[in-house]
Amino acid sequence: KDIMKELKDMIKVASPRDKVLYEEELKALQTSAKSKHAAQLNSARIVGVTCHSSTNTLLDKQQFDVIILDESSQIVEPLSMLPIIRSKARFLVAVGDPHQLPPVV
């Protein structure tokens, strides 16, 4: 991450020729990091995401048996559909405390 930050800083002040080289190096590092994250995701038994982050491209080809929607009484229906549809889960567990906050759904 420090190397990526340094490269981004260098790109800001680099000459056009050097900028191209730095951008290529940054892209290679990002691709490597993404591959590493995908490998970690594939080996994980449990994956936790927010409704919004369930749209991350790393989850595109993932399928899960169970999806748990935490704070489900605070999630509006359209937003809750993102992880439900994308996960292709067979089971859904909706968890929420209607006494803690009034339900939205």
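## Terms and basis

A residue is called buried under 20% relative accessible area, exposed over 50%, and partly exposed in between, with a 1.4 Å probe and protein chains only. The model is predicted, so that local features need pLDDT of at least 70 and side-chain atom pairs count only at pLDDT 80 or more, whereas totals for chains, interfaces and linings use all residues. Residues are numbered from 1 along each chain as its sequence is written, and side-chain values use heavy atoms, with hydrogens and water left out.

The structure holds three salt bridges, each term meaning a side-chain nitrogen of Lys or Arg within 4 Å of a carboxyl oxygen of Asp or Glu. One of them pairs D9 with K5 at 3.2 Å, N to O; both residues lie in helix α1 (residues 2-13), four residues apart, about one turn of the helix, where helices are DSSP runs of H or I with at least four residues, strands are runs of E with at least two, and both are numbered from the N terminus.

D9 also meets K12 in a salt bridge of 3.8 Å, N to O, and these two residues stand three apart in helix α1, about one helical turn. D9 is partly exposed at 34% relative accessible area, while K5 is exposed at 51% and K12 is exposed at 68%.

## A link between distant parts

The side chains of R86 and D60 form a salt bridge of 2.7 Å, N to O. This pair links distant parts of the chain, 26 residues apart, with R86 in helix α3 (residues 77-87) and D60 in the loop between α2 (16-43) and β1 (66-69). R86 is partly exposed at 25% relative accessibility, and D60 is partly exposed at 39%.

Through shared partners, salt bridges join K5, D9 and K12 into one network.
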